[in-house]
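Here are my notes on the model you asked me to look over. I have set them out as numbered points, so that each can be checked in turn.

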Amino acid sequence: MPLGALSGVLAGFAALAVAEVVAAAVRPQAGPVIAVGGASIDATPAAVKDWAIRRFGTDDKLVLQLGILAVLTVLALVLGALAVRFRRLGAAGVLLFGAVGAAAAVSRPDSTSFTDAVPSVVGAVVGALLLHVLVGRLTSARRSPASGAATGEAGDRLPPAAGWDRRGFVLAAASAAAASAAVGAVGRSLTASRGQDAVASRRTVVLPSPGSPAQPVPRGARLRVRGISPFITPNADFYRVDTALVVPKVDATAWRLRIHGEGVQRPGTYTFDDLLRRELIERDITLTCVSNEVGGPYAGNARWIGVRLADLLAECGVEPPSRGGPADQLVSRSVDGMTIGTPVEDVMDGRDAMLALGMNGEPLPFDHGFPVRMVVPGLYGFVSACKWIKDIELTSFDSYDPYWVKRGWARKAPVKTSSRIDTPKPFARPKTGTVMVAGVAWAQHRGIDKVEVRIDDGPWRQADLGAEDTRDTWRQWSFPWQATTGGHTLTVRATDRTGAVQTDRRARTVPDGATGWHSVVVTVD
Ligand SMILES: Nc1nc2c(c(=O)[nH]1)N[C@H]1C(S)=C(S)[C@@H](COP(=O)(O)O)O[C@H]1N2
Ligand SMILES: [Mo]
């Protein structure tokens, strides 16, 4: 039994290694782990996904893949043990898993061909054969008692009933393990070397200087407080939220963007160079994720360079609903099959909605959507910020629900007025005297007007605000607190330009963003 289970694991390992190496040649996303992982992400209800993001943060994808491997290992152990008794059943089981992987691969939204089934099928066939062979070694003596006698060994050490081809098994098992490891390593390096065209195309991008540059960040926008979020978030620290288990590597020279749909009088297809040659705008815009908890990390502020989306749409003959246009929803599609729905009215109301090509002075990083993504001030990312975009379709909210809406999130989601304490950290132990309480507040496209801090149940007191860059960016704030010994709760709230005070009513992130005040508990020594 234990050797049967071991055979199962070896067969599973071989199947995955072979599948990955074939996937590296076909399409990395067609590998069974990535395909099944992607399918489980899509099938996960909003509440569970939300929990996973909360629990594991940006590690959620790693945890998912490790989880899939753990489940597969257990199943392989069981299959192997069963195969000792029912040899055909073991092999059939491996083939069944191959079928599941293949089905997941071809049904992924970014799959365009049935060749995506090949990695799983080939892997499963190899795994099934290997299991058959290994289990054969384990049971061979039982079938042909002569074999044990022929070697003159098995008969000495094992009772004939439990006789088995020990040397044959060890040899087969060891070579299978070694071969799988080698094949796996080849698969890895093949996958890593894929996307070289994309990497090369990114390296050669030269961002032209924008026809409409951003004003310099006002001097007073950056407060000198240790521990506060930097006003501009460096690309390497910018949060990342998406469903991609493999980051799409798009070759900019082969990239196309199609604009079409209802009321598009002149549908168009644009190359990356077409966009680079247009007049570019440069804007500071704070991007926030609807999955951000009160006090959470999923907000970042960057200087984006791109094409004004409203101009491009106008060129295609699109009119917003307020001017009689038939389409009220703009659906953007990415190369990895994401769909994101944005109100056409918002995109064309004069705000700096853009197709971004650059982020903080460089081409978009692959993680953040190279070569082109959408950015719309004032809307959460899941209803506006499509990365790796390739298609824009004008349609209506009545006739189409994009990815997140199908999973319980809202159709429309303007960013809610929010504020966060960056320092001190929860459970910090500052000394008595002046303690700088500081953080950021955002209410994109309305602007932040006021930030107030409360110590325990005391009165709200106004914090010092960093100068406003634009109403689409967050503002840093600070409050010099005369800290007295003991435990204290620090709470922050913001007021936006419309005069609305951030609500204290606690709401979950689903369906359209968390609300409530952020507080931090500290002990002053
Ligand atoms: N293709 C694609 N674009 C996407 C997503 C995604 O899953 N796939 N996630 C969206 C969400 S929910 C957010 S908050 C932003 C995050 O952008 P960032 O990862 O660059 O911070 O991207 C948006 N664009
Ligand atoms: Mo998001």
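Predicted model: local features only at pLDDT ≥ 70, side-chain atom pairs only at ≥ 80, totals over all residues.

1. An unreviewed UniProt entry lists residues 62-82, 89-106 and 118-135 under "transmembrane region".

2. Helix H4, which covers residues 60-85, packs against helix H5, residues 87-107, at an angle of about 150°, and the two axes are 5 Å apart. Because the angle is over 145 degrees, H4 is described as roughly antiparallel to H5. On the H4 side the contact is made by Leu 75, Leu 79, Leu 82, Ala 83 and Arg 85, while H5 contributes Arg 87, Leu 89, Gly 90, Gly 93, Val 94 and Phe 97. Sorted by class, this contact has 7 nonpolar, 2 polar and 2 charged residues.

3. The unreviewed UniProt entry also lists residues 246-400 as "domain: Oxidoreductase molybdopterin-binding". Over this range the chain is 11% helix and 37% strand, and its end C-alpha atoms lie 27 Å apart. The name of the domain is taken from the record, whereas the helix and strand content comes from the model.

4. The structure holds 27 salt bridges. One of them joins the side chains of Asp 242 and Lys 61, with an N to O distance of 3.3 Å. This pair links distant parts of the chain, since Asp 242 sits in the loop between helix H10 (196-203) and strand E1 (256-261), whereas Lys 61 belongs to helix H4, 181 residues apart. Are these two partners buried or exposed? Both Asp 242 and Lys 61 are buried.

5. A salt bridge of 2.7 Å, N to O, is found between the side chains of Glu 362 and Arg 202. Here too distant parts of the chain are linked, with Glu 362 in strand E8 (residues 362-363) and Arg 202 in helix H10, 160 residues apart. Glu 362 is partly exposed, at a relative accessible area of 32%, while Arg 202, at 19%, is buried; the cut-off for buried is under 20%.

6. The side chains of Arg 333 and Asp 391 also form a salt bridge, at 3.8 Å from N to O. Arg 333 lies in strand E5 (residues 329-334) and Asp 391 in strand E10 (residues 389-395), so this pair ties together parts that are 58 residues apart in sequence. Arg 333 counts as partly exposed at 23% relative accessibility, and Asp 391 counts as buried at 9%. Elsewhere, salt bridges that share partners join Lys 61, Arg 240, Asp 242 and Lys 387 into one network.

7. Finally, what surrounds Thr 423? This residue is placed in strand E11 (residues 418-423) and, at 14% relative accessibility, counts as buried. Leaving aside residues up to four places away in sequence, Thr 423 touches Val 225, Arg 226, Gly 227, Ile 228, Met 436, Val 437 and Ala 438.

Note on methods: Residues numbered from 1 in each chain as written. Chains lettered and ligands numbered in written order. Heavy atoms only, no water. UniProt positions renumbered as here; feature names shortened; annotations may be inferred. Axes fitted to C-alpha atoms, helices over the stretch in contact; angles between N-to-C directions. Helix = DSSP H or I, 4+ residues; strand = E, 2+ residues; numbered from the N terminus. Parallel < 35°, antiparallel > 145°, perpendicular 65-115°, else oblique. Contact = heavy atoms within 4.5 Å. Nonpolar A, V, L, I, M, F, W, Y, C, P; charged D, E, K, R; others polar. Salt bridge = Lys/Arg side-chain N within 4 Å of Asp/Glu carboxyl O. Buried < 20%, exposed > 50% of the residue type's maximum accessible area, 1.4 Å probe, protein only.
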